[in-house]
Amino acid sequence: MGPGGGGADLISALPEDLLLQELHVDTRIPFTYRIDIRAPALKRLAMSFSTSDKIIVLVSVLAPMLETVSWRCTYSTVSARFGLWGLSEVRLQTEENNGHGGQLPPHVNVLSLFVAADDSYEFPEEVSLTTEIEKHMVTHFSVLELRIETWGHVFGAFALHILEMDQISTAIQSLKVILLSSEDDEACPQNCPCEEPSNWRSQTISLTNLEKVEIKGFQGEGHEFDFLKLVFRCAPMLKTMSVRLSDEVTASNDDCCKKIHDVFKMYPFVECNVIVDLSPEMSIVMVLCFGNVFALEE
Ligand SMILES: [Zn+2]
């Protein structure tokens, strides 16, 4: 299959493709049922396809020599879920290592999960979110990106559920959590399912290789601080923590910054930043390093 080609119920590169080094597939068909790639010499793979909650897509990729990957699966309707969190897109992409951490190689593979909260999701049967995510791990990765449309819900229990997956907890060296919310977000109703399991705040998991964390869209809610503390507690090798405040709180950020610095002070050997966007062109980075605060312009 050449660039832009392909697209069928079955996308396959079979053993006769022993010498195939590059494969690009970008399907425009609405639903892909099965992907089967066995290409021992494959170095570059670009795959873009869609599926839906009505289909359990079967994925099998055997490409041990893979050097770069661009894998993108979009769900035409939100698919597998955990509580009220549904998966809308998964990507696994090779990116240049700009800003993912000093110890990482020049190119890193980034697993990106796009999720959104909605208590109106209905599924014909419960599809395991972790099983759905695992099938897209077609090669190794060291960076996890969680893009979460919170709609005002508590994301900590969900994020913990993802971080404790075997393949993720040991693999990730860098974590980026992007919180997408809007001013119209309503507070959770009482006993909201987003808090399940309710003991998430006191859990400890082992993120043994995690060195760098960035949280964007931080609004200063109590549960966000609980998540921040959880990450510090679970990542003994952490070197850098950056918290970028959401636009909504930057106007009245003094209290929020102080509370963040109070958490940072408990981990004096981690380089910690609070980033406050003053305008589209200018940000202030407040660095807390070994207990001292430095303000820098970005
Ligand atoms: Zn909720």
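Two strands pair if DSSP finds at least two bridges between them, where helices (H or I, at least four residues) and strands (E, at least two) are DSSP runs numbered from the N terminus. The model is predicted, with local features needing pLDDT of at least 70 and side-chain atom pairs counting only at pLDDT 80 or more, while totals for chains, interfaces and linings use all residues. Residues are numbered from 1 along each chain as its sequence is written.

**Exercise 1**

Task: determine which residue of β5 stands opposite arginine 38, and which side chains of β5 point to the buried face.

Solution. Begin with the pairing: strand β3 (residues 34–38) and β5 run in the parallel sense and are joined over 5 bridges. Within β5, leucine 62 is the residue opposite arginine 38. Next, recall that side chains in a regular strand alternate between the two faces of the sheet.

**Exercise 2**

Task: find how many residues of strand β10 are buried, and identify the strands that pair with β10.

Solution. Of the 7 residues of β10 (residues 143–149), 6 are buried, so this strand is largely enclosed by the rest of the structure. Strand β9 (residues 107–117) pairs with β10 in the parallel sense over 7 bridges, and valine 110 stands opposite valine 143 in β10. Strand β11 (residues 174–180) also runs parallel to β10, joined to it by 7 bridges, with leucine 146 opposite valine 177 in β11.

**Exercise 3**

Task: describe how α2 and α4 pack, and which residues meet.

Solution. Two packed helices are described by the angle between their axes and the distance between the axes. For α2 and α4 the angle is about 25° and the axes are 10 Å apart, the axes being lines fitted to C-alpha atoms, for helices over the stretch in contact, and angles running from 0 to 180 degrees between N-to-C directions. The two helices are therefore roughly parallel to each other, since angles under 35 degrees count as roughly parallel, over 145 as roughly antiparallel, 65 to 115 as roughly perpendicular and the rest as oblique. Where they pack, Gly156, Ala159 and Leu160 in α2 meet His223, Asp226, Phe227 and Leu230 in α4, contact being defined by C-beta atoms, placed from the backbone, that lie within 7 Å.

Note on methods:
Buried ≥ 20, exposed ≤ 12 C-beta atoms within 10 Å, placed from the backbone. Contact = placed C-beta atoms within 7 Å.
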